[in-house]
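I opened a notebook for this structure and wrote down each thing as I looked it up. The entries follow in that order.

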Amino acid sequence: MSLTDKDKAAVKALWAKISKSADAIGADALGRMIVAYPQTKTYFSHWPSTSYGSAPVMKHGKDIMGGVVLAVSKIDNLVAGLLDLSELHAFKLRVDPANFKLMAHCIMVSIATKFPAEFSPQAHVALDKFLANLALALSEKYR
């Protein structure tokens with residue numbers, strides 16, 4: 001599913017409104033993913049706590065959103081723009097790429113709950129397409 005110019009503009013407009021809360025969105029989204037999809041905890045077994053709101057969850061949520069910030073800036077070519085992150089997750093971290101879709105869903109839920117006024121149906125569609133493309137770009141090195 002490709003992003004149209006209208007989708008890209010909608011994602012950038014939404015991001016401009018919510019980017020100051022990126023760390024909180026990331027922490028909430030990762031916490032949600034770990035609770036809703038407990039099988040994802042296996043990647044974080046070295047953490048002292050995977051509880052919602054714990055320091056490691058909050059820190060990694062911030063790191064994840066750093067990747068989303070990068071993706072927004074590379075929206076015209078996500079595959080090339082996220083190549084380093086794709087390699088990291090495929091070869092070093094060995095994350096199951098199905099988890100990218102789970103995280104994308106949790107990011108969208110977090111944004112929708114934290115910014116209901118900004119999360120219009122148009123923003124929803126554009127963000128859903130963007131996050132699906134982001135997950136696909138992160139999966140590039142798995143092929």
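**Cavity and pocket**

A cavity here is a set of points, on a 1 Å grid over the protein atoms alone, where a 1.4 Å probe fits but cannot get out. Grid points are joined across faces, edges and corners, and a volume is the space filled by probe spheres set on the points.

I noted two things about the source. This is a predicted model, in which local features need pLDDT of at least 70 and side-chain atom pairs count only at pLDDT 80 or more, while totals for chains, interfaces and linings use all residues. Residues are numbered from 1 along each chain as its sequence is written, and side-chain values use heavy atoms, with hydrogens and water left out.

The largest cavity has a volume of about 50 Å³. I looked up its lining, where a lining residue has an atom within 4 Å of a point. Val11, Leu14, Trp15, Ile18, Val68, Val72, Ile111, Leu127, Phe130 and Leu131 line the largest cavity. At least two residues of this lining come from each of α1, α3 and α7, and α1 gives the largest share, 4 residues. The helices (H or I, at least four residues) are DSSP runs numbered from the N terminus, as strands (E, at least two) would be.

I then turned to the largest pocket, a pocket being an open set of points with protein on both sides within 12 Å along at least five of seven lines. The largest pocket holds about 590 Å³ of space. It is lined by 26 residues, and His60, Ile64, His89, Phe100 and Met103 lie nearest its centre. The elements that give two or more residues to this lining are α2, α3, α5 (83-92), α6 and α7.

I listed contacts for two residues, a contact meaning heavy atoms within 4.5 Å. Not counting residues up to four places away in sequence, Phe130 touches Leu3, Val11, Val68, Ala71, Val72, Ile75 and Leu78. Leu127 is in helix α7 and, by the same exclusion, touches Val11, Leu14, Met108, Ile111 and Phe119. Leu127 counts as buried because its relative accessible area is 6%; buried means under 20%, exposed over 50% and partly exposed in between (1.4 Å probe, protein chains only).

**Aromatic pair**

I found 2 aromatic pairs in the structure. One of them is Phe100 with Tyr142, edge-to-face, at 6.1 Å centre to centre and 70° between the planes. Phe100 is in helix α6 (residues 98-114) and Tyr142 in the segment after α7, so the pair links distant parts of the chain, 42 residues apart. Rings of Phe, Tyr and Trp (its six-membered ring) pair if their centres lie within 6.5 Å; planes under 30 degrees apart count as stacked, over 60 as edge-to-face and the rest as tilted. Phe100 is buried at 10% relative accessibility, whereas Tyr142 is partly exposed at 29%.

Ser139 is in the segment after α7 (121-138). It counts as buried because its relative accessibility is 13%. A polar atom of its side chain lies 2.9 Å from the backbone oxygen of Ala135; a polar contact is a pair of N or O atoms within 3.5 Å, where within protein one must be able to donate a hydrogen and the other to accept it, and residues adjacent in sequence count only if both atoms are side-chain atoms. Leaving aside neighbours within four places in sequence, Ser139 is in contact with Ser86, Pro97 and Phe100.

Ala90 is in helix α5 and is buried, at 12%. Ala90 touches Lys141 and Tyr142, not counting residues up to four places away in sequence.

**Two loop residues**

Thr40 lies in the loop between α2 and α3 and is buried at 1% relative accessibility. Arg94 lies in the loop between α5 and α6 and is exposed at 63%. I also noted that phi of Arg94 is near 55°, a positive value in a residue other than glycine.
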